[in-house]
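Please look over the model shown here. A short report on its geometry goes with it.

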Amino acid sequence: MFPLKYLKRGYKDVLNILYPRFCLSCNKLLQDSEREICHVCQADLHLTGFDYLNGNPVYEKLSAIVNIERATALYLFDKSGVIQELIHNLKYNNHPEIGNFFAQTALDYLSNPGFFTGVDYIVPVPLHPKKQRWRGYNQMTEFGRNLENFFSVPYSEKILIRQIYTESQTKKNALQRRENVKNAFRILQATNYTGKHFVIIDDVITTGATVEACAETILNTIPHSKVSILALTMVL
Ligand SMILES: [Zn+2]
C-alpha cells in the first residue's frame, strides 16, 4: 500500500501550491517547518526576557508614574530590524494577522509566570473611530482575540474608548506626548466593572505616555480597579 506519509506529503505540497504562505516580515515563501515568520527573520527577533511579573524594566518605567500590578513587553524594538518591519506591516500594511504571531509568543512565554492570573478583561489602547475607519482595523484586535482564546480572559473594545482625536506622537517628546493624550480616553459604564483587573495591550512602548493615560483613566474612573500592561515591543 502507498505509505500514508507520502500521501500527507503530497497533500501538503498541493496546499502549498494552492495557498502559499509568506513570511510576515520579508515576504519570502514559507517552508512547512516555518510558522508565520521565516527562520532567518525569526533569528533577528529578540525576546525581552522579561518573563517575570514585576521588577522588570517595563514595570519599573511605567510603575514610576502609574499604579500598576504587572507590566511586560514581548520583544525589544529595533528600528532597523525585523521587529520594526512586523509592527509596520501590522499597523499600516493591512496585516492584522501578525497579531496571531505575537499572541503565540505570549502563550509560549507568559503562561508560566501567570501573567493573566486573576485578570478579568483584556482591553486595547483604543483608536479614535476616525482613525480606525481609515486603517480598517485596530491593530491589537487579532492579538487580543487570540489572548482571549489562549488565556480564557474576555477581550473587549467597548470598555475603554478614545474620545479625542490626537495627533501622532512620533515627533513629540515625553512631556508633549503626556499632554497630548491626557484627556483622550473615557470608560463606558464604569460601574459595571467595579473591582476588576484589566490588562491593557499596546503595540510599541516608547515613553509609555499613551498606555499610562489609558491606565490612569481606568484607575480614576472604575472604583477599586487594577491595571496591568502588556506590549508587543518596547524601546529600551
Ligand atoms: Zn522572513
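The report covers the model, the metal site, domains, cores, salt bridges and backbone.

## Model and conventions

This is a predicted model, in which local features need pLDDT of at least 70 and side-chain atom pairs count only at pLDDT 80 or more, while totals for chains, interfaces and linings use all residues. Residues are numbered from 1 along each chain as its sequence is written, and side-chain values use heavy atoms, with hydrogens and water left out.

## Zinc site

Four cysteines coordinate the zinc ion through SG atoms at 2.3 Å: Cys23, Cys26, Cys38 and Cys41. Donors here are N, O and S atoms within 2.8 Å of the metal (3.2 Å for Na, K and Ca); water is not among the atoms, so sites may look incomplete. The site is tetrahedral, with angles of 103 to 116° among the four donor atoms. Four donors get that label if all angles lie between 85 and 135 degrees. The ideal angle for four tetrahedral donors is 109.5 degrees.

The donor residues follow the spacing C-x2-C-x11-C-x2-C in sequence. Cys23 and Cys38 link distant parts of the chain: both lie in the loop between helix H1 (4-18) and helix H2 (39-43), 15 residues apart. Helices (H or I, at least four residues) and strands (E, at least two) are DSSP runs, numbered from the N terminus. Both Cys23 and Cys38 are buried. Buried means under 20% relative accessible area, exposed over 50%, and partly exposed in between (1.4 Å probe, protein chains only).

## Domains

The chain is assigned domain 1 (1-43) and domain 2 (47-234). Such bounds come from an automatic or database domain assignment. The C-alpha centres of domain 1 and domain 2 lie 32 Å apart. Seven residues of domain 1 are in contact with 10 residues of domain 2. Contact means heavy atoms within 4.5 Å.

## Nonpolar cores

The largest nonpolar core has 36 residues. Such a core is a set of buried Ala, Val, Leu, Ile, Met, Phe, Trp, Tyr and Cys residues joined through side-chain atoms within 4.5 Å. Leu74, Phe102, Phe143, Leu147 and Leu230 have the most contacts inside this largest core. Two or more residues each come from strand S1 (71-76), helix H4 (82-92), helix H5 (98-110), helix H7 (141-151), strand S5 (197-205) and strand S6 (226-234). H5 gives the largest share, seven residues. Because domain 1 and domain 2 both give residues to this core, it lies between them.

Leu147 is in contact with Ala103, Ala106, Phe116, Ile122, Ser152, Ile201 and Leu230, leaving aside neighbours within four places in sequence. Another core, of 33 residues, lies apart from the largest one; Ala73, Ala184, Ala209 and Val211 are among its members.

## Salt bridges

The structure holds three salt bridges. Each is a side-chain nitrogen of Lys or Arg within 4 Å of a carboxyl oxygen of Asp or Glu. Arg35 pairs with Asp108 (3.9 Å, N to O). Arg35 lies in the loop between H1 and H2 and Asp108 in helix H5, so the pair ties together parts that are 73 residues apart in sequence. Asp108 is exposed, at 56% relative accessibility.

Lys91 pairs with Asp203, the closest N and O atoms being 3.5 Å apart. Lys91 is in helix H4 and Asp203 in strand S5, so this bridge ties together parts that are 112 residues apart in sequence. Lys91 and Asp203 are both buried. Glu142 is partly exposed at 25% relative accessibility, and Arg145 is partly exposed at 46%.

Leu90 is in helix H4 and is buried at 0% relative accessibility. Leu90 and Gln139 are 49 residues apart in sequence, yet 6.2 Å apart in space, C-alpha to C-alpha. Beyond neighbours within four places in sequence, the contacts of Leu90 include His95, Pro96, Tyr137 and Leu232.

Asn94 is not a glycine but has a positive phi of about 60°. Asn94 sits in the loop between H4 and H5 and is exposed, with a relative accessible area of 56%. Gln189, also not a glycine, has a positive phi of about 55°. Gln189 lies in the loop between strand S4 (185-187) and S5 and is exposed at 58%.

Definitions and conventions
Tetrahedral: all angles 85-135°; square planar, octahedral: opposite > 155°, others 65-115°.
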